[in-house]
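Welcome! Here is a short briefing on a ligand and on a pair of helices, so take a look at the structure and follow along.

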Amino acid sequence: MSFPKSFMWGGATAANQCEGAYNKDGKGLSTADVMTSSKYGHPREVTQTIDETKHYPSHHGVNHYERYEEDIKLFAEMGFECYRMSIAWSRIFPNGDDAEPNEAGLKFYDNIFDLCLKYNIEPIVTLSHFETPLGLQKYGSWLSREVVDYFMNYCETVFQRYQGKVKYWITFNEINVMSTKPWMAGGIQEDTEQARMTAAYHQFLASAKAVQLAHDMSGAYQVGMMYNGHIAYPASPDPADVTRTTQFMHQMLFYADVQCRGYYPNYKIKEFERNNITLPIEEGDLDELRAGTVDFISFSYYLSHVVGEDTPLKFVGLNGVKTGYKNPTLDTSDWGWSIDPSGLRYILNLLYDRYQLPLMIVENGLGAVDKVEEDGSVHDAYRIEYLKKHLIELEKAIEIDGVPVLAYAMWGPFDIISASTGEMKKRYGFIYVDVDDDGNGTYNRYKKDSFYWYQKVIETNGASLKFE
Ligand code: BG6
């Protein structure tokens, strides 16, 4: 096994899925704070204001806000070299449009970064991970151009504040989720293609401006895009299925095309013409997009799709991943997600062939139900198996295919709230957190078997994968 010496091993979380303390120390509400919990196959409800009779998992998360020292110490014990996390924008600007930032919010992330640096853990920071300040609803959230300016204000504040502490920034988590879950990605409830494309346009613009601002502010700053790593295979060798698969992939890849190349691809422009979709382009915008292409691509990878005759060419209802056929060659997780390790090698090649930019895997993992034994141990051999197979494919992409990969950040190193369902029982972690779907529990942390396994992987820079 040969991972580059500079390769960074670590894990990834999102503020609204782990911090809790949703209204503490001046934090304002975000779009995530009005999403109820649900269960597999059912969408989370968006209530706009807080309904005391409902359960909102972001309100407690896994109490990382209070326990971050313990959590980061456990990362250090595993040997983490990077930690991909997100800043809750509404902790910094509680309403999104405030004149001054909230010092307590800024300080909280100072503490996180200082601790990471103490343990030689490189922070990789997402500016917007499925949450937008709820206060920006009055402008129409990402449907509105004004929100681009408020986002830039936020970027300027954190780029300034965390100079010397943070080097890697990611603008929007899984920006392509705008096409499937527009409330999560952009705080918009208007479920039309025109609305989704308008909101995505504003995020492209904001991201391009953020890239330029970061570069102006520090020569050390690297800014990446974040792609929800969808890949799809044709259901059969029928050329018609191959064409359908290409069209299906275009729905997602166009987001990366814009952010990596700096312009909309022809296939999208043609689609807009056919469907009468217009973009709110103002003078100078297209130059901004070209000038603000990203330095690296980060992506999540969990599963692959199969596309055939009956597959809707639009991604719909991703909560249950109702996209296409079940792949008869693959197993699925308890939540119906196909398990496809070689798909990781495939997507690494796909993205590198297409853009020739360095890559970071900033999410990958298995959501599963864990059982805690009486002595507090958790025997999660299934998780180890999943991760091991993916890491072996990652190594092949690096070693055989020559794909430059900077980092691997496993999703949810301590158990956190599921984004799609709001459940707690869908667990990804190396570290078990004692809390249930309703938020009850001690919130104590326990090391699973996978904790020791990953520790070994990092210690040997991947060599242990070979000998197990
Ligand atoms: C990604 C998101 O889509 O998948 C994460 O960026 C999310 O926020 C992860 O948690 C896993 O999905 P889920 O629904 O199992 O939490």
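Let's begin with the ligand: a polar side-chain atom of tryptophan 411 lies 3.2 Å from one of its oxygen atoms. Keep in mind that this is a predicted model.

**Around the ligand**
- A polar side-chain atom of asparagine 173 sits 2.9 Å from an oxygen atom of the ligand.
- For glutamate 363, the distance from a polar side-chain atom to an oxygen atom of the ligand is 2.7 Å.
- On its own, the ligand has 380 Å² of accessible area, and the protein covers 95% of that.
- The ligand is surrounded by 14 residues, the closest being Gln17, Glu174, Ser420, Lys426 and Tyr428.

**Two helices that meet**
- Two packed helices are described by the distance between their axes and the angle between them.
- Helix α2 spans residues 64–78 and helix α13 spans residues 449–459; their axes come within 8 Å and cross at roughly 55 degrees.
- The helices α2 and α13 are therefore oblique to each other.
- From α2, Leu74, Glu77 and Met78 take part in the contact, meeting Phe451, Tyr454, Gln455 and Ile458 of α13.
- Sorted by class, this contact of α2 with α13 has five nonpolar residues, one polar and one charged.

Notes
Residues numbered from 1 in each chain as written. Predicted model: local features only at pLDDT ≥ 70, side-chain atom pairs only at ≥ 80, totals over all residues. Heavy atoms only, no water. Axes fitted to C-alpha atoms, helices over the stretch in contact; angles between N-to-C directions. Helix = DSSP H or I, 4+ residues; strand = E, 2+ residues; numbered from the N terminus. Parallel < 35°, antiparallel > 145°, perpendicular 65-115°, else oblique. Contact = heavy atoms within 4.5 Å. Nonpolar A, V, L, I, M, F, W, Y, C, P; charged D, E, K, R; others polar. Near = heavy atom within 4 Å. Polar contact = N/O pair within 3.5 Å; in protein donor to acceptor, adjacent residues only side chain to side chain. Areas by Shrake-Rupley, 256 points an atom, 1.4 Å probe, with all protein chains shown as cover.
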